[in-house]
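Biologist: Hi! Could you walk me through this one in plain words?
Modeller: Happy to, here it comes.
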Amino acid sequence: MAKYKVLLIGSIWSDTIEREIVKEADAELTVNDGKDEQSYSDLISEADAIIPGAFQVTDKVLSQAKKCKIIAKAAVGYDNIDVNAASKRGVVVTNVAATDFCIEEVADQTLALILGIERRVVFLNQKVINGKWMEGRAQMKPMFDLRGQTLGLVAFGAIARAVAERARAFGFKIIASDPYISAEDASKLGVELVDFDTLLKTSDVISIHAPLMKSTFHMFDEKAFDKMKKTAYLINAARGGLIDQKALYNALKSGKILAAGLDVLEEEPPNPNDPILTLDNVIILPHSAGYAEGSYERARSWSAREVVTVLKGGQARNWVNRKELSK
Amino acid sequence: MTDYKVLRLGNITPEAKSEREILSKINAELIVNTSTDENSIINDVRDADAIIVRGLVPITDKILEAAEKCKIVAQGSVGFDHIDIAAAGKRGIYVSNSPAAEWCVDEVSDITMMLILGIERKAAWFHQKVIEGGWREKLNEAKPLFALRGQTLGLFALGAIARAVAQKAQPFGFKIIATDPYVSSEESKKIGVELVDFDTLLKTSDVISIHAPLMESTFHVFNVETIGKMKKTAFLVNAARGPLIDQKSLYNALKAKQLAGAAFDVLEDEPPKQGEPLLTLDNIFVVPHIGAYSETSVLKPSKICANEVVRVLKGKPPIAWVNKKEMQ
């Protein structure tokens, strides 16, 4: 009998990596798809550690997880975890820093979305496949030269910096808005720091790289879209909840902005009747930005090692509620 | 009475604003004919002192034979494979093109990068799956999806567009190699590109992007034999000219998974024939020859061509003279 039980819940991956690593702490891995409460409620109450994929770790779940010492998320974003509730119960929450697994992948995907939406390639690809080469060519306008366009980065963390580095080679002028960065730091990287309002009004492309928090929820709402240029594009490879998707749909439908490239949505997977899926001025990718061969393995190994560390009595490395738990 | 007549062919920006403005300075009259029909062109070409082509209108020996007064064919695109430059040379007619560096080097290098990123990240494929109700579980079907950093990008020809591609690809972490008989390895080294022979390019590249002109010597340069040397995990990208690739051989290679995927801005037939088998594959990504287009770039070749016409009608050779050899 293993000393500890680790629950991997709501993950789309097979479990080989986690299973091997947690053995180091004499722990056994249990896997559940997280879809049926009856099937997982016992597993939660027995778990010494939980690795949640897209599974919602609510206050209720945490109240059942009486033995749980750590919730280890194998990704950058951990908005599916009620961190306050975890802190209240003394449960450690960890994530994986983008620098440790997917900066380049997300930056690459962001550029694919920027170029893809500017040059309308997904729309045009579909036209060609459907035998409508000439129709595609007739409907491709407007299509602007990238050089000289202003790219506005919302938040200027590790991924946004990697985006800036790539985008510069295409001739974008790059501005950013981020309350945690000084203008000096930004200007060292060739990026001009501006306030959010200026970013909205002057960007030709806006790419979102902020975490999802109470203060950033729906930061792109109807008011924000009203301030954007009519010819602007919006890119989101961060979190769906940063955009009020209904307002975005209306903005795209009514021509308030030109088009959007999304790797994330408010609801994932989207409701099949979600009207955003019917627009031809969007590119939607299935939250695949962080993925490349090796990248998720790095994140999954990292989160499993956090579990091992904490079960062995050590201190987690990417401990997101450290401050709260030290109080 | 005007001093000259200039015939303008092709259907790109047929209002010909720049041409009229520039040509009015030498008192030349502009006649616009957007037809691609040889007979219609022959009718108009007889008294033309110069021809401007905006679009890929075939300029055949027959047309040139009728163009008795013509001194120059000024082409508004980079490629001039649709113009019989030897026949023009024989008849003492200059042919000029619109070099990429003058108008579309950014546009074409941007679309090339888009094709590379798009096929590597399977953007169009994923989008379609999402529209059909799929989501992240599709990652399992999409594998492998390789990280870009550390991949080798092989450029087939290292002209102005390829150099811009190299510059844009470097921040993504690509190692860049190229093959080009007209470039020295010192020159390519200066821009961070390693010059290799074609065989090495085929065998070691993770992505090959084609930037050569279409000539007799480059026709079907990507064929069953050369494609067969590529890595199984490699991608082939073409934003140059369709016939550089033997499309049937490529189809077979893609179908048999001898190659990971291919992305195109150009095809052997444009528009492609109905039922073109290549378009039924799910490891391709194709856009309808839009590489050079942007709202600003599309206007520039009109000026380039009109200026070349003015030079030649004033007795000077064109700046971008592409049939110099054939005329001498």
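Modeller: Helices (H or I, at least four residues) and strands (E, at least two) are DSSP runs, numbered from the N terminus. This is a predicted model, where local features need pLDDT of at least 70 and side-chain atom pairs count only at pLDDT 80 or more, while totals for chains, interfaces and linings use all residues. Residues are numbered from 1 along each chain as its sequence is written, chains are lettered from A and ligands numbered from 1 in the order in which they are written, and side-chain values use heavy atoms, without hydrogens and water.

Biologist: Great. Which elements make a right-handed β-α-β unit in chain B?
Modeller: That unit is built from E3(B), helix H3 (residues 61–66) and E4(B). E3(B) and strand E4 (residues 72–75) of chain B pair in the parallel sense over 4 bridges; two strands count as paired if DSSP finds at least two bridges between them. Ile52(B) has Ala74(B) as its bridge partner in E4(B).

Biologist: And is Ile52(B) buried or exposed?
Modeller: Ile52(B) is buried (under 20% relative accessible area; exposed is over 50%, partly exposed in between, with a 1.4 Å probe and protein chains only).

Biologist: What about Ile51(B), what is it bridged to?
Modeller: Ile51(B) is the bridge partner of Leu7(B). Strand E1 (residues 4–9) of chain B and E3(B) pair in the parallel sense over 4 bridges.

Biologist: Switching to chain A: what order do the strands of the open sheet have?
Modeller: The order is E2-E1-E3-E4-E5, 5 strands with parallel pairing. At the edges are strand E2 (27–32) and strand E5 (92–94) of chain A, each pairing on one side only.

Biologist: Now aromatics. How many pairs are there over all chains?
Modeller: A search of the whole structure gives 11 (ring centres of Phe, Tyr or Trp, its six-membered ring, within 6.5 Å; planes under 30 degrees apart are stacked, over 60 edge-to-face, the rest tilted). Phe196(A) and Phe220(A) have ring centres 5.5 Å apart and planes at 90°, so they are edge-to-face.

Biologist: How far apart are those two in the chain?
Modeller: They are 24 residues apart. Phe196(A) is partly exposed at a relative accessible area of 25%, whereas Phe220(A) is buried at 0%.

Technical notes:
Right-handed = clockwise from strand over helix to strand, strands pointing away.
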